[in-house]
Amino acid sequence: MILQVLDWPAWASRTFLVLASITSCVAIGERIASKRNSDGKEEEEKPSGEKLAEFRSFQRQYLIVYTIIMGADWLQGTNMYTLYQSYNVDISALFITGFTSSAIFGTIVGMYVDIWGRKLGCIV
């Protein structure tokens, strides 16, 4: 089996299999739900002509900037890890704190941003 070839610890293999199973179930459920919703309904309006060219231009510009930002963040990660390690900081606690606060506040803030608008959310 591929998981044995990778020589993963047992907990990592189980976690991967559980998350892969959940992801597959959600994907299958979404596909079934989208097929049910599309039966008997007209096709949604898709961009074409001028709108398609404008969309593709915007998409290309967005993806270029996104790639540069993510690359910079990826390069910065190794330096930050070394810096934190040199100060004897518990790095795992930093990651857990960051992900937990993101999960909690991202959910709450997202709800209010949907109500009050993205512009105000960015300003605040």
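Trainee: What makes the contact between D114 and R118 a salt bridge?

Mentor: In this predicted model, the side chains of D114 and R118 come to 2.9 Å, N to O. The cut-off is 4 Å between a side-chain nitrogen of Lys or Arg and a carboxyl oxygen of Asp or Glu, so the pair qualifies. By this rule the count comes to 1 salt bridge.

Trainee: Are the two partners buried or exposed?

Mentor: Both D114 and R118 are exposed, which means that each has over 50% relative accessible area.

Trainee: And how much of the chain is buried?

Mentor: Buried residues account for 4% of the 124 residues; the cut-off for that word is under 20% relative accessible area. The chain exposes about 11700 Å², with carbon and sulfur atoms supplying 65% of that area.

Trainee: What pattern does the chain follow along the sequence?

Mentor: It reads α-α-α-α-α, with 5 helices and 0 strands.

Trainee: Which helices each supply at least two residues of the lining of the largest pocket?

Mentor: Those are helix 3 (50–86) and helix 4 (91–116). Helix 3 gives the largest share, 6 residues. The pocket holds about 250 Å³ of space.

Conventions
Residues numbered from 1 in each chain as written. Predicted model: local features only at pLDDT ≥ 70, side-chain atom pairs only at ≥ 80, totals over all residues. Heavy atoms only, no water. 1 Å grid on protein atoms, 1.4 Å probe; cavity = no way out; pocket = protein on both sides within 12 Å on 5 of 7 lines; lining within 4 Å. Points joined across faces, edges and corners; volume = space filled by probe spheres on them. Helix = DSSP H or I, 4+ residues; strand = E, 2+ residues; numbered from the N terminus. Buried < 20%, exposed > 50% of the residue type's maximum accessible area, 1.4 Å probe, protein only. Areas by Shrake-Rupley, 256 points an atom, 1.4 Å probe, with all protein chains shown as cover.
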